[in-house]
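Morning, everyone. Please bring the structure up on your screens, and keep the sequence beside it.

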Amino acid sequence: MKLDYCVLGTNNMQQAIEFYDALFEGTALTQAFKTDRMNYWQCESFAFAIAIPFDGLPATNGNGTMFGINVGSEEEVNRLYEQAIKLGGSCEGEPGVRGPKYSAYIRDLDRNKIVFSA
């Protein structure tokens with residue numbers, strides 16, 4: 001099995017699009033599709049989306065919920081971590097070795113937790 005796609009909720013679509021456009025710059029993920037409540041980035045084997053919740057209630061992040069993206073190298077982990085922090089994301093764990101992986105943890109502007117690993 002492998003992760004096929006991930007959707008994170010947002011309360012500010014324009015701000016989230018700007019954050020992720022800048023974060024994904026230089027990666028294989030590019031904007032692929034947009035609707036009135038969702039925006040998608042896609043590469044050959046993975047899709048990522050942000051969404052205004054379908055039920056109309058505010059988007060929230062889950063305590064203990066996160067998803068990981070294998071970005072291929074320690075250098076890319078470091079680069080994406082630094083870029084996320086520069087864009088206003090917050091640190092949930094600086095780059096370093098954790099178990100069998102080199103990883104870094106961030107929260108986006110809506111406080112969704114993401115780990116970049118190699």
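Some ground rules. This is a predicted model, where local features need pLDDT of at least 70 and side-chain atom pairs count only at pLDDT 80 or more, while totals for chains, interfaces and linings use all residues. Residues are numbered from 1 along each chain as its sequence is written, and side-chain values use heavy atoms, with hydrogens and water left out.

Now the sheet. Which order do its strands take? The order is S1-S4-S3-S2, in an open sheet of four strands with mixed pairing. Strands here are DSSP runs of E, at least two residues; helices are runs of H or I, at least four residues; both are numbered from the N terminus. Two strands pair if DSSP finds at least two bridges between them.

Look at the edges. S1 and strand S2 (30-34) stand there, each with a single partner strand, so one side of each has no neighbour in the sheet. On average, neighbouring strands of this sheet are turned by 25° against each other, direction ignored. For that angle, axes are lines fitted to C-alpha atoms, for helices over the stretch in contact, and angles run from 0 to 180 degrees between N-to-C directions.

Let's walk across the sheet. Strand S1, residues 5-9, pairs with S4 in the parallel sense, over five bridges. Leu 8 stands opposite Ile 50 in S4. On to strand S3, residues 38-42: S3 pairs with S4 over five bridges too, in the antiparallel sense. There, Tyr 40 stands opposite Ala 49 in S4. A hairpin of four residues joins S3 to S4. Then S2 and S3 run antiparallel, joined by four bridges. Tyr 40 in S3 turns up again, as the bridge partner of Phe 33.

Stay with S4 for a moment. Are its residues buried or exposed? Five of the five residues of strand S4, 47-51, are buried, so the strand is largely enclosed by the rest of the structure. Buried means under 20% relative accessible area, exposed means over 50%, and partly exposed is in between (1.4 Å probe, protein chains only). Which way do the side chains go? In a regular strand they alternate between the two faces of the sheet. Here, Ala 47, Ala 49 and Ala 51 point one way from S4, Phe 48 and Ile 50 the other way, and all are buried.

Next, salt bridges. The rule is a side-chain nitrogen of Lys or Arg within 4 Å of a carboxyl oxygen of Asp or Glu. How many are there by this rule? Three.

Take Arg 79 and Glu 76. Their closest N and O atoms are 2.9 Å apart. Both lie in helix H2, residues 74-86, three residues apart, about one turn of the helix. Arg 79 is partly exposed, at 32% relative accessible area. Glu 76 is buried, at 16%.

Now Glu 92. Its side chain meets Arg 107 in a salt bridge, 3.1 Å from N to O. Glu 92 lies in strand S6 (residues 90-98) and Arg 107 in strand S7 (residues 101-107), so this pair ties together parts 15 residues apart in sequence. Glu 92 also meets Lys 113, at 3.9 Å, N to O. Lys 113 lies in strand S8 (residues 113-117) and Glu 92 in S6, so that pair ties together parts 21 residues apart in sequence. Glu 92 counts as partly exposed, at 32% relative accessibility. Arg 107 counts as buried, at 10%.
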